[in-house]
Structure formats: C-alpha cells, structure tokens
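Here is a short report on one protein chain. Keep the structure in view as you read.

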Amino acid sequence: MNAIYRILKFPKEVRLDIDANWLVMGVLCLGMIPNVLAGYSMYLLFLLAPLLFKTNYDLRSVVVLLFGFLYTFAIVYRNEEMFMAKYVFLLIYPIIIFQAGRYLGTQLKSLRTLTLLMAVLAFLMAFPTIVENVRDYIATGQFVSTQRALEVAKGHESGATIYGITLSLALGLSGVVLLSTHDRFTVAVKFLCVGMALLALFSTLHLVNRSGLYIAAFSVVMGAALPPFTRKRVFYALLIFAVAYAIFIIYLETTPEIKEVFERYQYREENENSTASLGGRDRQWHQGWEHLFNYPMGGGNSITYHGRSSYAHNAWLDCGAQGGVPALIMLLIMTFMYIWDCFRLLFYKTVNTFGRNLMLMLAATFMVQFMVEPMIEAVIQYFWLWLFFWSAIHAYMDKHKDQDAEEYEEARLAKLPDL
C-alpha cells in the first residue's frame, strides 16, 4: 500500500483513513461485486454486522429497519417460498449496510476518502459486466450483441436490464471529465472514473442499451452545470457532444461497427418498444400502479409483459408489487430523506468541490435508475449500495460540516486581494 500511496501522492488524511478502516472498506468492496465467487460475494457483507453495535441510530435508521421488516412480512404473509438467505438479504442487510455507511461517514476524516471509495465501488459494480461484454465481443467478433444477453454461467443468461443497472454508476461518472483537478490524487481518481466510463459505454453499445446512453449524456450536462460554474466547462461539454456527433456522422457509412450499432438501435425503435414509450415502460408503470390497488400486500409475480412475469421497471412500483403498500410507504419516506440530503450536499461548503460534484453525479444516477429499473428485485447489491451511499454522505456532512465550512472560508479569504 505504501508504494501506491507514493505513486498516486495520496494526501495524508486519505492514507490515515484507509489504514484505520481498511477491513470495513475491503469487506464492502468485495461484497458489492456482482457474480463474484459464484454470486456468494454478497454473503461477506454480513461481516459488517458488528457495526450495528458501534453506531448511533436516528430516524433514518428506524425507517430503514421498518422497510426491511414490512417488505419481508408481505412475502411471508403471501406464503411465498423463500430461501433463508433471502430473508437475511431483505430483513437484516438493509440496516447492516445503512449503519456501515453511518460508521464510515463518521470515521473518515476527509471527503476525498469517501469520494475515492465510491468511485472504486462504482467501478467494482460495473467490472464483471465489462469483462463479460469484452469476452463476448472477442468470442463472437460482433460489436453488437444481437441477443442483448450474455452467458454469465453455463446454461444461464443474464439480460441487458441487469447489466445496464450494474453499468449505470460508471456511466454516471462520465461528467467527471469536465471537473477541475488540483493535485495528482484527484487526477488519478478522474482517470479512474473516465476510464471505466468509456469501458461501460462500450458495454452499453454492445448490449444496445438506451438508458445507459442517456445517463452518460446527463452526467456530462451535470459536469458542466454543477458549482462552481464556469463557462469553460460548458464549452467543453458542448465540444464533447459535437465531437461525438461528428464521429458518428463521419464514420456511419465507412465504419461497419458504428453502422451496425446505429442499425440495431434503429431496429429497436421500429420493431420493439420505442423511446417515446420509454421502452415500453409506460405500460408497465400503468400495470404496476394498478397492482398497488389490486394487491395492497404485494402481488408477487403479478406484473406480466409479453405474456411472461416481469417488473414494472420502477423501483417504487416494483417495491409495492413485491413488498406491498406498507413497504412502499417506507421506501418513499426514505427517498424524500435522501433527496433532502442530496440538496444539502449540493450546497455543502467544502474546498474539495471535485469530490462533492462527483458524489452529486452518483446521487443523481441512483435516482434515475430508481425511476426506470427494478432495483431491489434485479440487482439487490445496487440497492444496498444506495443505502450505504445515502447513509455515508448524511453522516459525513453531520460530522464535518463545521470543519469543512471553516476550511472553505479560509480558502475563500485567501483568494481575496489584499486591501
């Protein structure tokens, strides 16, 4: 680790944070990697359970506890068969992960450390998906997957929806390319984010996923608009879009790979569900809304699409369909609390504006995914990561707001001209 510290010029406070909390961070990183250790990596997160007795509890903690209980109770009420592991994942894991976020949020001394941790977690969430897409491209020689599904295990395929969820956080950091850096450490974090965003973009195109492209574009817009606002960042954002469009136009007819991507997206628009219907989600949302009234304690697999069991493709509606209206109410309360904390982060005074803006990009990406994907049912680790992120930023801001505000004021005064 010391060699890495020297090469990347880790600030002293970041080194101290990692040395003091390496075990918790390590367990968290391993447990958040999808499909690792034959999918059993998530069981490692139970090692964080002792943190339940080392942290304080507040209203947010109580709401998360109630959510886990009500969601699990609805499934038990319907007499659905469920493995013991899933009871743990639904009933106990939310509060474990939430309190782990509270623990690290209070223990870490620098926002830079939390920024680095979230960038690494976003990368680890996307890494298996990126590897599978690259392997599929090498094996088939096709830039575009016509099936929009990859074989993650022998005889078992995983579709574009699940892969799109795991890629979203990496794509949501695309706008980091526009953020200013002032030392080697933030430059390293920036290269990490931009590099994995490009790999995630390749995977998105390979799977002909549309929502991922919108997330990447939205992130670039955020990178241009987040404070401190500069006209230079707006210019660079417009330049990125112009160059991307120019490359698309110039090579559309001359490069088979790009033409293939365009034709496949065009095929989806004309023969499958168009963008105007949000990929058919408008009908699924309507069906999910109806099921809230028809099945107040959750309808299980009651939502169908093209004659088979499906999702509403909205985290709140899917929560209501699976966990019932009581669990949905808890999730809505959690969402409102989360949005409030994100607004606090937006106006949080800190010298490290790079880290704050990176975190805001992740915050927005989580909400976009909640709107269009079934977070809890499809990739439950993504839902846990959201709980960790929310708890960590809330705890960090509460613990360090005075310290960071003082540093911010000192830096502001240092920039003023002498009178």
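## Overall make-up

Helices are DSSP runs of H or I with at least four residues, strands are runs of E with at least two, and both are numbered from the N terminus. Counted like this, the protein chain has 15 helices and four strands. This is a predicted model, where local features need pLDDT of at least 70 and side-chain atom pairs count only at pLDDT 80 or more, while totals for chains, interfaces and linings use all residues. Residues are numbered from 1 along each chain as its sequence is written, and side-chain values use heavy atoms, with hydrogens and water left out.

How much of the chain is buried? A residue is buried under 20% relative accessible area, exposed over 50%, and partly exposed in between (1.4 Å probe, protein chains only). Of the 419 residues, 52% are buried. The accessible surface comes to about 20400 Å², and carbon and sulfur atoms hold 65% of that. These areas come from the Shrake-Rupley method with a 1.4 Å probe; for residues, only the protein chains shown count as cover.

Contact means heavy atoms within 4.5 Å. Take the contacts in the chain with a separation of 6 or more: 76% of them join residues 24 or more positions apart.

Helix α2 covers residues 12–31. Its expected span is 1.5 Å times one less than its number of residues. Even so, α2 has a kink of about 75°, centred on asparagine 21. The bend at a residue is the angle between two axes, one fitted to the seven residues ending there and one to the seven starting there.

Is asparagine 21 buried or exposed? It is buried, because its relative accessibility is 4%. Beyond its neighbours within four places in sequence, asparagine 21 touches Tyr103, Leu104, Gln107 and Leu108. Other buried residues of α2 include Val14, Asp17, Ile18 and Val24.

Helix α3 runs over residues 59–77. Its 19 residues reach 26 Å from first C-alpha to last, close to the expected 27 Å. Among its buried residues are Arg60, Phe67, Gly68 and Tyr71. What do the buried residues of α3 pack against? Their partners are α4 (84–107), α12 (315–346), α14 (375–378) and α15.

Helix α13 spans residues 353–372. It reaches 29 Å end to end, C-alpha to C-alpha, close to the expected 28 Å. This helix is mostly covered, with 17 of its 20 residues buried.

A pair of aromatic rings is described by the distance of the centres and the angle of the planes. Rings of Phe, Tyr and Trp (its six-membered ring) pair if their centres lie within 6.5 Å; planes under 30 degrees apart count as stacked, over 60 as edge-to-face and the rest as tilted. The count comes to 25 aromatic pairs. Ring pairs link a cluster that includes Phe67, Tyr71, Trp316, Phe366, Tyr382 and Trp390.

Tyrosine 382 sits in helix α15 (residues 380–415). It is buried, because its relative accessible area is 0%. Leaving aside neighbours within four places in sequence, its contacts include Met125, Ile165, Thr365 and Phe366. Tyrosine 382 and isoleucine 165 are 217 residues apart along the chain, yet their C-alpha atoms are separated by 7.7 Å.

Proline 227 and proline 228 are joined by a cis peptide bond, with omega about 0°. Proline 228 lies in the loop between α8 (211–225) and α9 (231–251).

Valine 208 is in the loop between α7 (184–206) and α8. Its phi is near 55°, a positive value in a residue other than glycine. Valine 208 is buried, because its relative accessible area is 1%.

## Cysteines

How many disulfides are there? A disulfide is a pair of cysteine sulfur atoms within 2.5 Å. By that rule the count is zero. Cysteine 319 is buried, at 0% relative accessibility. Cysteine 342 is buried too, with a relative accessible area of 12%.
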